Amino acid sequence: MIQSYDLYLPTHLIFGKGRVKELGRLIKGYGSKVLLTYGGGSVKRIGLYDTVREILHQEGCTVFELSGIAPNPKIESVREGVRIVKENAIDFIVAIGGGSVLDCSKAIACGAGYDGDPWDLVIHRDRIGKKLPVFDVMTMSATGSEYDGGGVITNEETKEKLSVGGCYPVASILDPEYTFTVPANQTAAGISDILSHTFEQYFVSEGSMLSDGFCESMLRTVMKYAPVAIKDPTNFEARGEVLAASSFGCCGLLGLGRTPSPWPCHGIEHEVSAWYDITHGVGLAIITPHWMQWCLDTDPALVAPKFAQYGVNVFGLNPADGVDVNAAKAIEKTAEFFRSIGITQTLSDFGIDDSHFEAMAEHVTTAWVGDYKYAFVPMDKEAVLAVLRASL
Ligand code: NZQ
Ligand code: ZN
């Protein structure tokens, strides 16, 4: 049955070829001192860096830069950004790149209005106060950070990967052409991330027909266009459909009227990438089918109807085969899809063993933003350990 919901989406989302030109219009009135943030250089290779510098120059901005923001962005980059922002009285941030660059920029935006260490804001979100405005031009389809308030940051010292919240970009610009150069492995990881955002909200105990439809449309669209985008990276239609889908992963639309989810696979994956710095989407593709199987083995009566519905509406399974058969098949098809886009299937392939599993399971069931008691099938530390061990 449909549940109560709040949906707040303050970001101006701008999609289409060539629309980066509109950045100049969007930043008017926000001041003249800008921090331009980016990663390891892909934005220079695709010409976006020069285009944005030129636009900022035309608008009379003074530009400061923070470069080298790494995937799974580290708290040190946030601290460096906050230092630049405070020393130079920066007015706003322009982030160009993938989710890591944008997440780091959001944390900097929050840190700008805070006197202490910005890591405090990840641990104590209630201390986030005034934030700098953030604008972005995305170059990856994956996180949905362009249309949500989260900014995920890694602390390698404490082995934690957690996020600031409530920091929505003022405007996000999405041009599929800027994603043409994303390599096949990163494209696949991004696709896995989009699918996982959907699963996390789709596989809950109560829902609504409307948001079931949103979720199933996301899954069908991304699964249809993923192989095309990987095989033919400059295919505008495929890149465009995947990029458009990515924005809606974490904005609340997919969870509309549904039981709130603690995003169990994300919590587990964040533990793995905090310890081993693996690519987020790859970790999710490994963990998700095992989590589904654990759910089906633990409480088939509860989950089989939903998994079977997914199998029928997304993979076209035959309803006449029955709920039990289709639930099992849907899990197989999910794992098969991840294999088909080239994602390795086990954690051991990354040299990961079980030596830190206890610590991960303990941490995620106590410190994660969602409560595992409210997962599709309620989970405790032992359940998390079971999923991690199955993923080895
Ligand atoms: O650093 P550069 O040179 O830019 O290269 C990047 C990076 O190596 C490259 N890349 C990006 N655009 C490219 C490109 N290469 C060629 N052409 C382009 N157009 O791709 C690599 C990965 O980039 P990254 O930003 O790390 O990827 P993604 O967008 O998947 O972000 C992953 C991070 O976001 C977090 C993840 O945990 C991870 O830390 N998440 C953020 C969320 C949010 N804010 O809502 C939700 C997600 O669930 C997720 O947790
Ligand atoms: Zn994700």
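A polar contact, for today, is a pair of N or O atoms within 3.5 Å; within protein, one of them must be able to donate a hydrogen and the other to accept it, and residues adjacent in sequence count only if both atoms are side-chain atoms. Here's the example I want to start from: the side chain of Ser 192 reaches the backbone nitrogen of Ala 285 at 3.5 Å.

Quick housekeeping. What you see is a predicted model, so local features need pLDDT of at least 70 and side-chain atom pairs count only at pLDDT 80 or more, while totals for chains, interfaces and linings use all residues. Residues are numbered from 1 along each chain as its sequence is written, chains are lettered from A and ligands numbered from 1 in the order in which they are written, and side-chain values use heavy atoms, with hydrogens and water left out.

Okay, back to Ser 192. That serine is in helix 7; helices here are DSSP runs of H or I with at least four residues, strands are runs of E with at least two, and both are numbered from the N terminus. Is Ser 192 buried or exposed? Buried, with a relative accessible area of 1%. The cut-offs: buried is under 20% relative accessible area, exposed is over 50%, and partly exposed is in between, with a 1.4 Å probe and protein chains only. If you skip the neighbours within four places in sequence, Ser 192 is in contact with Gly 281, Leu 284, Ala 285, Phe 338 and Ile 343, where contact means heavy atoms within 4.5 Å.

Which residues hold the zinc ion, ligand 2? The protein donors are Asp 193 through OD, plus His 197, His 266 and His 280, each through NE2, at 1.9 to 2.2 Å. A donor is an N, O or S atom within 2.8 Å of the metal (3.2 Å for Na, K and Ca), and water is not among the atoms, so sites may look incomplete. In sequence the spacing reads D-x3-H-x68-H-x13-H. Asp 193 in helix 7 (residues 184-202) and His 280 in helix 11 (residues 280-298) are 87 residues apart, so that pair links distant parts of the chain. Asp 193 is buried at 2% relative accessibility, and His 280 is buried too, at 15%.

Now the helices around that site. The axes of helix 7 and helix 11 come within 7 Å and cross at roughly 55°. Axes are lines fitted to C-alpha atoms, for helices over the stretch in contact, and the angles run from 0 to 180 degrees between N-to-C directions. That makes helix 7 oblique to helix 11: under 35 degrees is roughly parallel, over 145 roughly antiparallel, 65 to 115 roughly perpendicular, and the rest oblique. The crossing is left-handed, meaning the near helix is turned anticlockwise from the far one by less than a right angle; clockwise would be right-handed. Among the residues making the contact are Ser 192, Asp 193 and His 197 of helix 7, and His 280, Gly 281 and Ala 285 of helix 11.

Helix 10 (residues 264-276) meets helix 11 as well: their axes come within 9 Å and cross at roughly 130°. That makes helix 10 oblique to helix 11, and this crossing is right-handed. The contact includes His 266 of helix 10 and His 280 of helix 11.

One more helix. In helix 12 (residues 300-315), the buried residues include Val 303, Phe 307 and Tyr 310. What do the buried residues of helix 12 pack against? Helix 7, helix 8 (209-231), helix 11 and helix 13 (323-340). Helix 12 is followed by Gly 316, whose phi is positive, near 75°.

Most residues other than glycine have a negative phi. Ala 89 has a positive one, near 50°; Ala 89 sits in the loop between helix 4 and strand 4 (92-97) and is partly exposed at 47%. Lys 159 has a positive phi of about 55°, is found in the loop between strand 6 (151-155) and strand 7 (160-164), and is partly exposed at 28%.

And a loop glycine to finish: Gly 68 is between strand 3 (62-66) and helix 4 (75-87). Gly 68 and Gly 39 are 29 residues apart in sequence but 4.4 Å apart in space, C-alpha to C-alpha.
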